[in-house]
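Look over the sequence and the structure before reading the points.

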Amino acid sequence: MKRLTVRKDAYYDSVFLMLAARGIKGMKGVREAVVAMATAMNVELLVELGFNKAELKALSPNDMAVAIEADDEAALEAATQEAFDALTRKKAAAAGAGLVKTGSMAAALKLDEDANVAIISVPGAYAAREARKALTAGLHVMLFSDNVSLEDEIALKKLALSKGLLMMGPDCGTAIINGKPLCFANVVRRGSVGIVAASGTGLQEVSCLIDRYGAGVSQAIGTGGRDLKNAAVGGMTSILAIKALSADPATTVLAVVAKPPAPDVAAKLIQALKDSGKPSVAHFLGMAPRPDEGNVAFAQDLEEAALLAARFAGGDPSPASARANILDDSGNDRYNRPRPQAIQALASTEAASMAPGQRYLRGLYTGGTLADEALFLAQRALGGVYSNNHTDSAWLMADPKLSVGHAIVDLGDDVFTAGKPHPMIDPAARAERIAQEGRDPQTAVILMDLVIGYGSHPDPAGACVQAIREARAAAEARGGYLPVIASVTGTAADPQGYAGQVAKLEAEGVIVMPSNYRAALLAIEIIKHRSGGNR
Amino acid sequence: MNADKVLKLFSGELRAVNEGLESFAENLIQEGGKAIHVEWRPPAGGDAKAIAALDALSAGCSVDVEAANAEAVRRILASKPTVVGIGIAADVVPGMAKDLILHAGPPVRWENMCGPLRGAVIGGILYEGLAATAAEAEALAASGKIRFDPCHHHNAVGPMAGVMTSSMPVWIVENKAFGNRAYCTLNEGLGKVLRYGAYSAEVIERLRWMASELAPILSEALALRGELDMKTIIAQVLQMGDEGHNRNRAGTSIVIRELAPHIVLLDRPKAQLSKALAFLNANDHFFLNLTMPSAKCTVDAAAGIEGSCIITTMARNGTEFGIRLSGLPGRWFTGPSGVVDGLYLPGFGPNDAARDIGDSVITETSGIGGFAMAAAPAIVKFVGGSPKDAIDVTLRMYEITAAENDAYQIPALDFRGTPTAIDVRKVVETGILPAINTGIAHKEPGIGMVGAGLVKPPENAFRDALIAFAEKYAQ
């Protein structure tokens, strides 16, 4: 059936009319729709389409015609209504979020001639090219992208060095420049600690703990994982960063967090810290204890690194005085080192109701460095811990997707992230893994991290509570009890909020420890305390 | 090791350029930082050969490409297109001959021509009296006895099919700064017209009237009026809501205003003069056939500069889209003609559309048309609906051009000059393709215009041109 509706003396631009017609043609039950001014040509067309000739012939080119052919009355009515609505509809005010966008780096630099940092997160195959463009244009670079070749990294860092520019990355996930968090970073109080870190979550953990200890961060510079570890890269970025922080009047304390550097590079790095004359702390993950040297303190874990830095920032002039002021007898106090008795007491309570078959520690991590820290601690205390991050191939997990024995799993590993978002962004995979471990009667304790801040999921605690509930219920159904130990890397000022995340976990009976280090200690202690001991 | 620049970063304000994940820029802004986000795409769409060509060109060239491009820009901006008169193609168009039919776009053989172009060729043959029927004309076109050549090879341009034959009247536009000329037929109006491939009796009859009556009237009036400075007029129409390609209402109005006082003085029957004026008035796009040769003689002045990678031609024949670079004279780089993303006139839809066709993209090549979209709020529906969308289109074109026009300005952009002189390196590097406004022809010859919209040129034409340019000039 057909309907012709006319609005006399109503001029609309033909383009608006065509657009209206296009919208109507897609409606259900509409066979034909013409929305047009009644010009001689259009009238002829409408007559051909079978609309009322007499009525059409009476129209003038200043009249607007809506001609609809549809399956039923309802469709006719809806389409006609839509035609008039479309012509009068006010376009919603353009959502002006305020983010200026361009199609090229060149155009962006034209728009802001004072731009000084390029944040690059394009696919690895193109990343070096983009970074080179930015360096050539005189920008410091934060290269988030990974899968950049070693050759490209060396060439980029040489270029950066020749221009006096910071080349953070490749594979640099975290930095805080002038108090602004870049990529995956937390909203940390500004202060006097300058951090140089070859690890993203290591930097996040240390900077958040420094914040919690009441100190603050002047600058936090990521370098990418190979900067210190690989002798050929030779710490080019780290050394420049330390030189700059040494000269920076706002920085009074230096902190370095990295995996063990290549020997020559370590020597250079420590020399640069000494040359700075500023109280410094260095933490090389998993390295054997090392005595302090002059102004440089060597920390054993991320927590200690943060604590020493905070003490320095608070006025302790030397490693000796900082250590003297760190008390270890004040219990599970987040401002001091943990007291073994306090951890043991917590562990024995948690272990009391476990079933005999519950044997193994299962660490489920989203942060790679946090997983490493737990692995080193567990390996040292328990021995025989499997991990997909293990450097000893004998203890590499045969299938990272299935825990056997004690296991510390880095869920940010390529095995898990191929074609999927990183678990810090989308915690669904970890939630599933928590439930999976809960179904394994041999699981004795679940150890986990929770990294908040920019870049991370808006509510990582909320995303795993259901799985935690299921896992604990499953253990209880088997006559056991499943302790879940966690730490939250974050600050009160982070978009997710530290306290809210902690509360969500605690509501599920999770024990939230003040640092990853302490969470790992407690989990290990529970294994030691589990009924029957660690046979 | 000098840490001064790092210290300067620490002591100043962080101002970031973000390339990749947009949220990194949003987060910075949320924390009160400054960031511009680059909507990054792989350079050259990830084409390794084209990326290598880009890198080779930035590593070093045998000539100073920047200087060559600056010269091309200088010539484009200095050009002064001026309508000097109307002539008969055979008399004024270089190389024009009775057996030659010029067409739009890059070279194409009869067997590869699209529907509208074939129709226009048939019409051209009938108009020239070389055949008596359409069937005869078709046979003649296929016989090899008729030569085909792009308008662009004869200092000419033609809208849509762009067919020009020897006895047609043509506008003569001279670039007063450099002395070169360009030619274009007179616009026939809308509906069943030759440029859309129509060749029925009424089409041929109208063409004959245009040659015998309209052209002489316009020519005589122009002689009384004196030459028309097109640069000034185009500058004006951009401030009156035209963008110089898809909207020509202001331009056509100006031409009528300029000529009417002189037309009425002609010693001809009033009915003839009235008919001529009514014809102009009924056809919004009359002005397009003046803009096109103006743009053509403007960019032609910048053609053939050793080492320049400015695009001096873009054109489509309905089968292929082609470009030419200033520094690679005589070479076409082509890809398949695109499907126009458009809005349709009542009674028509995408299934009726021919592929992209016509030389009118010379307007964009010279820095107007789609590049000046922000000047034409009346037709913003083609680009998304709001004036902001149109402004975004124009702003994006600054990223692939070498200059801002000093004569053609856009009121909505605070009278910023239009983006002018397309640098093929920038097109390939950014993947931002020229924004081209266009009409849509019916795919069957002779039905006419069915809509209008925006068309995406084939990316490979730009990549191929860049690769060839690097082969010649990169060291």
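Helix axes are lines fitted to C-alpha atoms over the stretch in contact, and the angle between two axes runs from 0 to 180 degrees between N-to-C directions. With that in hand, helix H18 (residues 460-477) of chain A and helix H19 (residues 498-506) of chain A have axes that come within 9 Å and cross at roughly 5°. The model is predicted. The points below are grouped by topic.

**Domains**

- Chain A is assigned domain 1 (2-88), domain 2 (105-325) and domain 3 (340-529).
- The centres of domain 1 and domain 3 of chain A, taken over C-alpha atoms, are separated by 65 Å.
- Chain B is divided into domain 1 (4-40), domain 2 (50-76 + 301-473) and domain 3 (80-293).
- For domain 1 and domain 2 of chain B, the separation of the centres over C-alpha atoms is 32 Å.

**Helix pairs in chain A**

- Angles under 35 degrees count as roughly parallel, and H18(A) and H19(A) are therefore roughly parallel to each other.
- H18(A) brings Pro460(A), Ala461(A), Gly462(A) and Val465(A) to this contact, and H19(A) brings Gln501(A), Lys504(A) and Leu505(A).
- By class, the residues of the contact of H18(A) with H19(A) are 4 nonpolar, 2 polar and 1 charged.
- In a second pair, the axes of helix H8 (residues 200-212) of chain A and helix H12 (residues 302-313) of chain A come within 8 Å and cross at roughly 40°.
- H8(A) and H12(A) are therefore oblique to each other.
- The crossing of H8(A) past H12(A) is right-handed.
- On the H8(A) side the contact is made by Gly202(A), Glu205(A), Val206(A), Leu209(A) and Ile210(A), and on the H12(A) side by Leu302(A), Glu303(A), Ala305(A), Ala306(A), Ala309(A) and Ala310(A).
- The residues where H8(A) meets H12(A) divide into 8 nonpolar, 1 polar and 2 charged.

**Where chain A meets chain B**

- Chain A gives 58 residues to the contact and chain B gives 52 residues.
- On chain B, each of these elements supplies at least two residues of the side that touches chain A: helix H1 (4-11), strand S1 (15-19), helix H2 (22-30), strand S2 (34-38), strand S12 (341-344), helix H14 (387-397) and helix H15 (424-430).
- The residues of the side of chain B that touches chain A divide into 28 nonpolar, 12 polar and 12 charged.

**Two loop residues of chain A**

- Leu139(A) sits in the loop between helix H6 (124-136) and strand S6 (140-143) of chain A.
- A residue is buried if 20 or more other C-beta atoms lie within 10 Å of its own; Leu139(A) counts as buried because it has 26 C-beta neighbours inside 10 Å.
- Not counting residues up to four places away in sequence, Leu139(A) touches Ala115(A), Asn116(A), Val117(A), Ala118(A), Ala134(A) and Val17(B).
- Leu139(A) and Ile485(A) are 346 residues apart along the chain, and their C-alpha atoms are separated by 43 Å.
- Pro170(A) belongs to the loop between strand S7 (167-168) and strand S8 (174-177) of chain A.
- The peptide bond joining Gly169(A) and Pro170(A) is cis, with omega about 15°.

- Arg195(B) lies in the loop between strand S7 (181-185) and helix H8 (201-225) of chain B.
- Arg195(B) is buried because 31 other C-beta atoms lie within 10 Å.
- Leaving aside neighbours within four places in sequence, Arg195(B) is in contact with Ala120(B), Gly158(B), Pro159(B), Met160(B), Ala161(B), Gly162(B) and Glu188(B).
- Arg195(B) and Gly446(B) are 251 residues apart along the chain, while their C-alpha atoms are separated by 8.7 Å.
- Met160(B), one of the contacts of Arg195(B), is found in the loop between strand S5 (147-150) and strand S6 (169-175) of chain B.
- Met160(B) has 27 other C-beta atoms within 10 Å and is therefore buried.
- The phi angle of Met160(B) is near 50°, a positive value in a residue other than glycine.
- Phe415(B) is placed in the loop between strand S14 (401-410) and strand S15 (416-422) of chain B.
- Phi of Phe415(B) is near 60°, which is a positive value in a residue other than glycine.
- A residue is exposed if 12 or fewer other C-beta atoms lie within 10 Å of its own; Phe415(B) has 10 and is therefore exposed.

Methods:
Residues are numbered from 1 along each chain as its sequence is written. Chains are lettered from A and ligands numbered from 1 in the order in which they are written. This is a predicted model: local features need pLDDT of at least 70, side-chain atom pairs count only at pLDDT 80 or more; totals for chains, interfaces and linings use all residues. Domain bounds come from an automatic or database domain assignment. Helices (H or I, at least four residues) and strands (E, at least two) are DSSP runs, numbered from the N terminus. Two residues are in contact if their C-beta atoms, placed from the backbone, lie within 7 Å. Angles under 35 degrees count as roughly parallel, over 145 as roughly antiparallel, 65 to 115 as roughly perpendicular and the rest as oblique. A crossing is left-handed if the near helix is turned anticlockwise from the far one by less than a right angle, and right-handed if clockwise. Ala, Val, Leu, Ile, Met, Phe, Trp, Tyr, Cys and Pro count as nonpolar, Asp, Glu, Lys and Arg as charged, and the others, Gly among them, as polar.
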